Amino acid sequence: MKIIERPMYLGRLLDVKNTPDIKVITGIRRSGKSKLMEQYETILKQEGNSNVVHINLRLNENKALRTGDALYQAIKGKWRKDRTNYLLIDEIQMSDGFEDVVNSIHDEELYDMYITGSNAFLLSSDLATLFGGRVFEVSVFPFSFLEYLSYYPSEDIDASFDRYFLQGGMPGSYVYRKEEDAHTYIQEVLRATVLRDIGQKYHVENANLLLMIADYLMDTVGSETSIRNIAAKVSSSSYQANDKTVGNYLTYLARSYLFYPMQRYDIRGKAYLETNQKYYLADLSFRYAELGRRFIDRGHLFENLVAVELLRRGYEVYVGKLYTKEIDFVAVKNGMPTYIQVSDDITNEKTLERELSALLSIRDAYPKILVARTHQEAMDLKGIRVVDIARWLAKG
């Protein structure tokens with residue numbers, strides 16, 4: 001498989017190099033965490049005074065290190081007094097008692113440490129408990145459209161976007177020539193995430209119900225949803241899904257990095273709302289592989305692309321509410337909000353007016369953007385920046 005450099009993530013790692021935190025690379029299965037670690041290793045080895053210890057516990061050559069004591073002794077034995085020492089460990093959970101090993105090495109201040117691992121063991125919510133709160137998390141997403149353009153160089157950005165929209169950003173699927181084979185690969189990643197990562201971690205009793213909820217969220221991506229509505233939709237004559245179980249399963253799906261919940265935010269009252277979150281999918285390829293291309297709502301799927309891209313770019317993202325109007329996203333960085341509407345087609349004058357009016361109803365001076373499929377360069381309408389989604393995504 002072709003390997004491309006991922007400068008955004010490498011930059012984040014370099015920004016925190018030699019800080020006292022344990023750097024943990026997280027993200028959905030097969031999003032490229034291990035390849036990122038290899039690229040980072042190459043950069044570190046270019047330093048003149050570095051000692052880089054990289055241990056991949058998946059490899060059979062490191063089988064003897066899958067006990068905590070053996071791993072600890074190997075790491076200690078590779079430390080060099082006269083060097084800047086870096087420790088990179090892939091699949092850390094494969095060593096029994098890895099928590100004690102990581103915490104001890106950190107307390108002894110022997111290495112600048114970076115680790116990856118299975119989502120079943122390194123869920124974002126558990127990192128502080130595992131490593132005493134001394135963690136800096138670097139979240140890795142599937143390929144962005146900008147990264148897709150690096151993998152498939154093309155001068156035709158519109159044709160490339162149309163392919164990316166349907167192919168998605170899971171790089172492991174790119175090696176397959178037939179779409180059905182790529183979908184089989186993605187389905188296997190999905191089931192490993194749901195059945196192994198979540199099932200193993202939380203001892204899920206009803207795996208079919210968990211998959212049904214995942215399918216429902218994929219089918220209704222970008223729509224407001226509630227625990228009660230989901231419970232009603234997935235219940236059958238065979239069993240009843242109660243609100244508590246559904247709520248737990250939703251939490252598990254989010255912790256596995258498969259879905260990202262977006263909380264609602266009252267723009268006028270400057271308050272967060274607890275009800276009816278929206279859930280966005282880590283990558284649209286999961287939806288196509290699982291559900292096919294039936295009933296594609298391009299507007300909601302475009303929303304999904306924008307939501308994940310905003311997270312990728314480091315924004316806090318909320319669903320905005322202003323009186324009876326909905327603002328698709330309130331994206332916050334450094335305390336500064338940007339208001340974003342997303343639409344499929346704004347060639348219809350009524351559609352354009354509807355999308356603009358929601359943004360114009362916000363009376364503050366923060367940036368307001370309408371992202372749509374215009375096939376054109378950006379323009380300003382009534383003080384609102386109108387950008388083509390392909391060109392916005394390609395800027396990275």
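This is a predicted model: local features need pLDDT of at least 70, side-chain atom pairs count only at pLDDT 80 or more; totals for chains, interfaces and linings use all residues.

Trainee: Which way do β9 and β10 run?
Mentor: Antiparallel. Strand β9, residues 325-333, is joined to β10 by 5 bridges.

Trainee: What do β9 and β10 form?
Mentor: A hairpin, with 2 residues between the strands. Check N334 in the turn: its phi is positive, about 55°.

Trainee: And β10 with β11, parallel or antiparallel?
Mentor: Parallel. There are 4 bridges between β10 and strand β11, which spans residues 368-372. Q341 stands opposite L370 in β11.

Trainee: What do β10, helix α14 and β11 make together?
Mentor: A right-handed β-α-β unit. The helix in that unit, α14, is residues 349-360.

Trainee: New topic. Where is R312 found?
Mentor: In helix α13, which runs over residues 298-312.

Trainee: Buried or exposed?
Mentor: Buried. R312 has 5% relative accessibility, so it falls under the 20% cut-off.

Trainee: What lies 3.0 Å from a polar atom of its side chain, I mean that of R312?
Mentor: The backbone oxygen of P142.

Trainee: What else is R312 in contact with, leaving aside neighbours within four places in sequence?
Mentor: M8, Y9 and R12 are on the list. Then come F141, P142, F143 and S144.

Trainee: Y9 is in helix α1, I think. Which residues of α1 are buried?
Mentor: Y9, L10 and L13, in a helix that spans residues 7-15. Seen down the axis of α1, the buried residues fall within an arc of 100°, so they line one face of the helix.

Trainee: What's exposed on the other side of α1?
Mentor: P7 and D15.

Trainee: And what do the buried residues of α1 pack against?
Mentor: Several elements. Among them are β1 (22-26), α2 (33-45) and α13. Strands β4 (112-115) and β5 (135-139) are included too, as is helix α6 (145-151).

Trainee: Last one. What pLDDT does the protein chain average?
Mentor: 91, and 95% of the residues score at least 70. Confidence is lowest in strand β7, residues 271-281, with a mean of 76. Helix α15, residues 389-394, is highest at 98.

Methods
Residues are numbered from 1 along each chain as its sequence is written. Side-chain values use heavy atoms; hydrogens and water are left out. Two strands pair if DSSP finds at least two bridges between them. A crossover is right-handed if, with the strands pointing away from the viewer, the path from the first strand over the helix to the second runs clockwise. Buried means under 20% relative accessible area, exposed over 50%, partly exposed in between (1.4 Å probe, protein chains only). A polar contact is a pair of N or O atoms within 3.5 Å; within protein, one must be able to donate a hydrogen and the other to accept it, and residues adjacent in sequence count only if both atoms are side-chain atoms. Contact means heavy atoms within 4.5 Å. pLDDT is the predictor's confidence in each residue, from 0 to 100. The arc is that of the directions from the helix axis to the C-beta atoms.
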